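The exercises below go through one protein chain step by step. Try each task before reading its solution.

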Amino acid sequence: MASYVPSAPAERRAMLETLGLHSMADLYRAVPPAARVTTLDLPAGKSELEAAEEIGAMAGKNTVFGSVFRGAGAYKHYIPAVVKAITGSESFVTAYTPYQAEISQGVLQSIFEYQTQICELTGMDAANASVYDGATAAAEAVFMCQERRHTGVLAAATAAPQVLEVMRTYCESRGVPFALLPAKDYAVDPAALEELLKAGPACVFVQSPNYYGVLEDVQPIVDAAHAAGARAILSVNPISLGLLKTPGEYGADIAVGEGQPLGLPMSFGGPYLGFMACKQPLMRKLPGRIVGQTTDSRGSRCFVLTLQAREQHIRREKASSNICSNEALCAMTASVYLAAMGPGGLRRAAESCAGHAHYLAAELGKLPGFGLKTGKPFFHEFLTGCPVDPELLCRKLEARGILPGLPVEGGILWCCTELNRKPQIDALIAAIREVLQDETAV
């Protein structure tokens, strides 16, 4: 039986002697012969140079757009050079799970700083060490609100589809009632909210800016949820909080979101991180790891995992959540990004996103058929009509080196960040004019 064992032959012999075994194959005696894999259909090994050439050829098949106007959950932002310089340190990249506080102070402190920054960003009282992604954070937040005699979730249909699907799957797995809150003009329908709250859900979930880029009228939603005895969960874009009111200022009970905009590249969809923060009454229901600050036997400042025993993570049948880890390196990246940007830098980034998006919307509005689908306020994403097949337009623009918005509901969902400056936007408008002229000529 072939095995890969990263140890020297002498070390393997010593191990086998200690175990009273004669060969590596003896380690697998408990595995039925029919279930054993004796050969692997793998190509022959390559030299480092050959491997680098092959990987480079594979990477060359990717199309990396210099001009990106697509968001819908993953956003291309400028990442300061210091972020990669710090997070690329071997001590962070190779850090082990920090259960043994005595040898994990550096990692524990980095998580503590991250939690502090998330609390400051969202206006909440406590945050966890991060979860797998924004969709997972939303689903876990729903479970934080469930009680023995008060259950069910009312989720805004204007939230990101992938988030709603994950939330629905979580709820079905535990028999938690799940209902969609209908939309009106690409935002939560207030009349529907009032009616559906009569069923007494445990929580209301809303995303703002929502999937269509619209800034929801959050305050009445939070107030209505609380008046009905439900918790309010608000999902937010973290960059928008440099400019907009925080979930805490709205009175939300839990704030969640996707942390990818905070210094993480788009990277074909991951790995990302989900951030979670809540008000003090729900603090002990936060899933996953939480790092706290204390003092050691000498009175020095130190950090430990807190509020939960390790059994929370390994005794699944008794755990309130199956989250047993966190996106540690991604959370570190977000923390370094926020420290590098500072409050002023984050605000300027948010202002640039909003300014560029509104300029693009105005320029698109000058083209026939590209008017906004709604007049509601937006941050840096917005939905427009499209006078030709949206898929066709997108393919034509992609051939010109531009990744346009995402085709949605017969229109296009556009996005701008601080990277989409005026020359890039003007080039997009010119390219769209060319495509429209070509289609008209045909």
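Helices (H or I, at least four residues) and strands (E, at least two) are DSSP runs, numbered from the N terminus. The structure is a predicted model, where local features need pLDDT of at least 70, side-chain atom pairs count only at pLDDT 80 or more, and totals for chains, interfaces and linings use all residues. Residues are numbered from 1 along each chain as its sequence is written, and side-chain values use heavy atoms, with hydrogens and water left out.

**Exercise 1. Describe the protein chain as a whole.**

Step 1. Take the secondary structure: the protein chain has 14 helices and 14 strands.

Step 2. Take the extent: along the principal axes, the C-alpha atoms fill a box of roughly 80 × 60 × 50 Å.

Step 3. Take burial, where buried means under 20% relative accessible area, exposed over 50%, and partly exposed in between (1.4 Å probe, protein chains only). Of the 442 residues in the protein chain, 47% are buried.

Step 4. Take the surface, with accessible areas from the Shrake-Rupley method with a 1.4 Å probe; for residues, only the protein chains shown count as cover. The protein chain exposes about 22,200 Å², and 55% of this comes from carbon and sulfur atoms.

Step 5. Take the contacts, a contact being heavy atoms within 4.5 Å. Among contacts between residues at least 6 apart in sequence, 70% join residues at least 24 apart.

**Exercise 2. Find the places of two cis peptide bonds.**

Step 1. Pro209 belongs to the loop between strand 5 (203–207) and helix 9 (218–227).

Step 2. Another runs from Gly270 to Pro271, with omega near 0 degrees. Pro271 is in the loop between strand 7 (254–258) and strand 8 (274–278).

**Exercise 3. Describe the surroundings of Leu164.**

Step 1. Leu164 is part of helix 7 (residues 161–174).

Step 2. With a relative accessible area of 7%, Leu164 is buried.

Step 3. Leaving out residues up to four places away in sequence, Leu164 touches Ala155, Ala156, Ala157, Ala159, Phe178 and Leu180.

Step 4. From C-alpha to C-alpha, Leu164 and Leu273 are 17 Å apart in space, and they are 109 residues apart in sequence.

**Exercise 4. Count the aromatic pairs and describe two of them.**

Step 1. Set the rule: rings of Phe, Tyr and Trp (its six-membered ring) pair if their centres lie within 6.5 Å; planes under 30 degrees apart count as stacked, over 60 as edge-to-face and the rest as tilted. This rule gives five aromatic pairs.

Step 2. Phe143 and Tyr170 form a tilted pair, 5.7 Å centre to centre and with 40 degrees between the planes. Phe143 lies in helix 6 (residues 134–145) and Tyr170 in helix 7, so the pair ties together parts that are 27 residues apart in sequence.

Step 3. Check burial: Phe143 is buried at 11% relative accessible area, and Tyr170 is buried at 18%.

Step 4. The ring centres of Tyr211 and Tyr212 are 5.5 Å apart and the planes are at 75 degrees, so this pair is edge-to-face. Tyr211 is buried, with 11% relative accessible area, and Tyr212 is buried at 14%.

Step 5. Tyr186, Tyr211 and Tyr212 form one aromatic cluster.

**Exercise 5. How many disulfides are found in the whole structure?**

Step 1. Apply the cut-off: a disulfide is a pair of cysteine sulfur atoms within 2.5 Å. The search of the whole structure finds zero disulfides.

Step 2. Cys145 is in no disulfide, and the nearest cysteine sulfur, that of Cys203, is 4.4 Å away.

Step 3. Cys145 is buried at 3% relative accessibility, and Cys330 is buried with a relative accessible area of 8%.
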